[in-house]
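Please look at the sequence and the structure shown here, and then work through the questions that come after them.

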Amino acid sequence: MEDTEALYRDHVHALLGYAVRRLGDPTEAADVVAAVFLAVLERPGGFDPSRGTARSWLFGIAAHVIASRGRRRGAEYRALQRVYGRRTLAADDLAELEARVDAANAATAVLAGLDDLPPAERELFLLVSLDELTPAEAAAVLGITPSAARMRLARARRKLAPLAEKGSPCQT
Amino acid sequence: MPDLTPFEERMLAGLRRVEPARRRRWLPVALTAAAAAGLLVLTVVRPPVQSPTDVREASAPPAIRHLRWLSPHATAAGPWAEEVWIDDVHHTVRLKSPDFDRTFADVPEPIALDRPGMPAEFAAMSPDVLAADQHTIVADLPRTADALGAAVERVAKQTGRYDAEVLTDLLSKPGLGADFRQLVVNLLLRTPGVGLLAAPAQDFSGRSGSDYTADVGPGALSFIIDMNTNTLLSMNKMTIVNQ
């Protein structure tokens, strides 16, 4: 548990940010993060440093859990129940995470031009600019090579740069 | 270490109380055994409608293989998905994505997406995992579990893929014999990180099978297998669609 706790302390905040940005729902985001750390807890030694950083590993698990959610309706909120003791958030916690959803929405809203990017470039750009992953970590999360990630990132920045120069609120 | 918010503290307290679940590697085996036992009982209690050899034949009708690759990114119309529907009986292939939907008729056998001479759209739709094809010649693969396992491991290393990806890819190929399919399925279900998600489960055309998931690093891979015939009915792979 010590290792898991250290991982949790280091990465839970970023993971929650990623989950609320991807899902837009506080309870679903909390359930995903609970599922990620349950998976870590139940698979000690599952992290292989040769395949990337702990952060990219955890984000990868979260991406996996999010992608599987629609197909595992019966399992939804079960992780939250195990870790948090209930399937719905208490009022204070709901408010805390709703504020993070609002912040995530606001952060993506100011990035003008994002909607015009292809999905793969958009997600990569957000992982790096909002979730603060390195390009190599983002590449591991998305299952692409670091060089492909760097190329896509450069392409995304090239597309967004003219918007920033025109004085739009785009922040690259 | 960063300070935790009150909610994050509560989650951590809950994690400390969680007891690690026991490993459930026996679950797929137990459920497979239960399914086999059930089939045996049905066979004994009720005379078979089909001849015994029919049970070993590939795929439930209609013989359509459905492969689907999901991107984790949502589009305005829903999740980005590329789908391939292969009908080995009528020799048609339907390629479908949010901005493309076309059915090809009279596709020569054996139908494989990356076979030379196939329409260019096939290659464009092929996911990265099919890169394994370039290194795998099914006919030359060994027919014993140990040797096949070693070959799969070699291909996985060469292509930077997980064993489960190579095995499911192999299982999606047409023309595999019943014994070879059984060998591949046995290897696949023994692969670390492969576990039962739901049984029974239905594929997109309503056929019944067992739904498995595979740990393939940051990607997600799940597949439905008809355990009676060891046929891969459908496969879902979360990946990034090349732009």
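Predicted model: local features only at pLDDT ≥ 70, side-chain atom pairs only at ≥ 80, totals over all residues.

Residues are numbered from 1 along each chain as its sequence is written, chains are lettered from A and ligands numbered from 1 in the order in which they are written, and side-chain values use heavy atoms, with hydrogens and water left out.

Q: How are the axes of helix α6 and helix α7 of chain B oriented to each other?
A: Helix α6 (residues 163-171) of chain B and helix α7 (residues 178-190) of chain B have axes that come within 10 Å and cross at roughly 160°. Angles over 145 degrees count as roughly antiparallel, and the crossing angle therefore makes α6(B) and α7(B) roughly antiparallel.

Q: Into which classes do the residues of the contact of α6(B) with α7(B) divide?
A: With contact meaning heavy atoms within 4.5 Å, residues including B:L167 and B:L171 in α6(B) meet residues including B:F180 and B:V184 in α7(B). The residues of this contact divide into 9 nonpolar, 1 polar and 1 charged.

Q: How many charged residues are in the contact of α5(A) with α1(B)?
A: The axes of helix α5 (residues 91-109) of chain A and helix α1 (residues 6-17) of chain B come within 9 Å and cross at roughly 120°, which means that α5(A) is oblique to α1(B). The contact is made by A:D93, A:E96, A:L97 and A:R100 of α5(A), together with B:P6, B:F7, B:E8 and B:R10 of α1(B). Of the residues in this contact, 3 are nonpolar, none is polar, and the number that are charged is 5.

Q: What kind of aromatic pair do A:Y8 and A:F37 form?
A: Rings of Phe, Tyr and Trp (its six-membered ring) pair if their centres lie within 6.5 Å, and planes under 30 degrees apart count as stacked, over 60 as edge-to-face and the rest as tilted. For A:Y8 and A:F37 the centres are 4.9 Å apart with 65° between the planes, and the pair is edge-to-face.

Q: How many residues apart in sequence are the parts that A:Y18 and A:F59 tie together?
A: The ring centres of A:Y18 and A:F59 are 4.9 Å apart and the planes are at 45°, so the pair is tilted. Because A:Y18 lies in helix α1 of chain A and A:F59 in helix α3 (residues 54-68) of chain A, the parts tied together are apart in sequence by 41 residues.

Methods:
Axes fitted to C-alpha atoms, helices over the stretch in contact; angles between N-to-C directions. Helix = DSSP H or I, 4+ residues; strand = E, 2+ residues; numbered from the N terminus. Parallel < 35°, antiparallel > 145°, perpendicular 65-115°, else oblique. Nonpolar A, V, L, I, M, F, W, Y, C, P; charged D, E, K, R; others polar.
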